Amino acid sequence: MNRINLITLGVNDLRASLQFYKNIGFKTTSNVNDEDLAIVFFDNDGTKLELFPIENLAKDINPNDPPKIATGGFTGITMAYNAQSQDEVDYILGNVENYGATVVKPAQKLDWGGYGGYFTDIDGYYWEVAYGEMWEFDNQNMLIIPK
């Protein structure tokens, strides 16, 4: 097992989260007006992102004794968007607040030599947006981890 195909975010309001992610550039055929909207898959490069109502996600794990849904605080998990320039970092962090995100760490020079910051989406999930001039990307815009 050495691959992540899909990351699922349990969301409080599927339609609002769908609109948020579409607004910041994620592509999907799902529409907020779909009557039977139950799950959303985004057609992004590399690992895919999925949105699923958090109560249903907990029941999917264990229908008889679903895990307790955390409220607030840091869960220890972040998503990352690896940008290809400092300007791209600035653009993303400057744009996400227009759609309900909160920038929790403005773009800045980082200890490891890169440039980046963090925002939380409308469900409180943390996203790092960072750039490193030493980074290389494959043909699916995925960060290449040197051996």
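**Figure 1. One aromatic cluster is formed by F20, Y21, F26, F42, F119 and W127.** The view is taken from a predicted model. Nine aromatic pairs are present in the structure.

**Figure 2. Y21 and W127 form a tilted aromatic pair.** The ring centres of Y21 and W127 lie 6.1 Å apart, with 55° between the planes. Y21 belongs to helix α1 (residues 14-23) and W127 to strand β7, so the pair ties together parts that are 106 residues apart in sequence. Y21 and W127 are buried.

**Figure 3. F119 and W127 form a stacked pair.** The planes of the F119 and W127 rings meet at 5°, so this pair, with centres 6.3 Å apart, is stacked. F119 is buried, as is W127.

**Figure 4. The largest pocket holds about 1,200 Å³ of space.** Its lining comprises 34 residues, and N44, D45, T47, A80 and M142 lie nearest the centre. At least two lining residues are supplied by each of β3 (48-53), β4 (78-82), α3 (86-95) and β7 (126-131). The lining of the largest pocket is made up of 18 nonpolar, 10 polar and six charged residues.

**Figure 5. The second largest pocket has a volume of about 660 Å³.** This pocket is lined by 25 residues, and G10, I54, A70, T75 and Y125 are the closest to its centre. Two or more lining residues come from β1 (6-11) and from α2 (54-61). Strand β1 gives the largest share of this lining, five residues. By class, 15 nonpolar, eight polar and two charged residues line the second largest pocket.

Methods. Residues are numbered from 1 along each chain as its sequence is written. This is a predicted model: local features need pLDDT of at least 70, side-chain atom pairs count only at pLDDT 80 or more; totals for chains, interfaces and linings use all residues. Side-chain values use heavy atoms; hydrogens and water are left out. On a 1 Å grid over the protein atoms alone, a cavity is a set of points where a 1.4 Å probe fits but cannot get out, and a pocket is an open set with protein on both sides within 12 Å along at least five of seven lines; lining residues have an atom within 4 Å of a point. Grid points are joined across faces, edges and corners, and a volume is the space filled by probe spheres set on the points. Helices (H or I, at least four residues) and strands (E, at least two) are DSSP runs, numbered from the N terminus. Ala, Val, Leu, Ile, Met, Phe, Trp, Tyr, Cys and Pro count as nonpolar, Asp, Glu, Lys and Arg as charged, and the others, Gly among them, as polar. Rings of Phe, Tyr and Trp (its six-membered ring) pair if their centres lie within 6.5 Å; planes under 30 degrees apart count as stacked, over 60 as edge-to-face and the rest as tilted. Buried means under 20% relative accessible area, exposed over 50%, partly exposed in between (1.4 Å probe, protein chains only).
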